[in-house]
Amino acid sequence: MKFFGTLALALVLAACNATEQSTVQQNGLNKSGIEGKVTIGPTCPVQRLDDPNCDDLAYPAVIHVNTTNGIWVTKFQADAQGKFKIELEPGKYNIDPQTPKQDFLPRGSSQDVTVVSGVFTTVNVQYDSGIR
């Protein structure tokens, strides 16, 4: 059962857009999965690029991990700083950011990710706040 929970979490993270990969070795065993950060924005109406008060914010979202065939693997929640790290078996996954309370916003876009053996793929998940 623990294996399937770990596999599911890895699938969710793997579906994010890969932006970087880092090799991780722990206790002599190669681990693989996804890690990254979830943010939400825009945070100000008529946002100005030079206004640090309008930077995107960390978002503790719930993310579902599925196979690319749509089979549910696991789910996880980013921490208060929007960070996450989850082990997944090597393979192709789709991460599906969940919209809270069945609302329309904030909304994240699903992403496909490939997990390679011995590597944590770094992914960034962006939520649209709906502020314009």
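Biologist: What share of the contacts in the protein with a separation of 6 or more comes from residues 24 or more positions apart?

Modeller: This is a predicted model, in which local features need pLDDT of at least 70 and side-chain atom pairs count only at pLDDT 80 or more, while totals for chains, interfaces and linings use all residues. Residues are numbered from 1 along each chain as its sequence is written, and side-chain values use heavy atoms, with hydrogens and water left out. A contact means heavy atoms within 4.5 Å. Among contacts with a separation of 6 or more, the share from residues 24 or more positions apart is 69%.

Biologist: Which elements does the protein contain, and how many strands are there?

Modeller: Helices (H or I, at least four residues) and strands (E, at least two) are DSSP runs, numbered from the N terminus. The order from the N terminus on is α-β-β-β-β-β-β-β-β-β-β-β-β. The protein therefore has one helix, and its strands number 12.

Biologist: Is strand 4 mostly covered or mostly uncovered, and how many of its residues are buried?

Modeller: A residue is buried at under 20% relative accessible area, exposed at over 50%, and partly exposed in between (1.4 Å probe, protein chains only). Of the 132 residues of the protein, 42% count as buried. Strand 4, residues 33-41, is mostly covered, and the number of buried residues among its nine is eight.

Biologist: Which residue of strand 12 is the bridge partner of Val 38?

Modeller: Two strands pair if DSSP finds at least two bridges between them. Strand 4 and strand 12 (residues 119-128) run parallel and are joined by nine bridges. In strand 12, the partner of Val 38 is Val 125.

Biologist: Over the face of which residue does Lys 85 lie?

Modeller: A charge sits over a ring if NZ of Lys or CZ of Arg is within 6 Å of the ring centre and within 35 degrees of the ring normal. At 4.5 Å from the ring centre, Lys 85 lies over the face of Phe 120.

Biologist: What is the angle between the planes of Phe 76 and Phe 84?

Modeller: Rings of Phe, Tyr and Trp (its six-membered ring) pair if their centres lie within 6.5 Å; planes under 30 degrees apart count as stacked, over 60 as edge-to-face and the rest as tilted. The structure holds two aromatic pairs. One of them is the tilted pair of Phe 76 and Phe 84, with 5.1 Å centre to centre and an angle between the planes of 40°.
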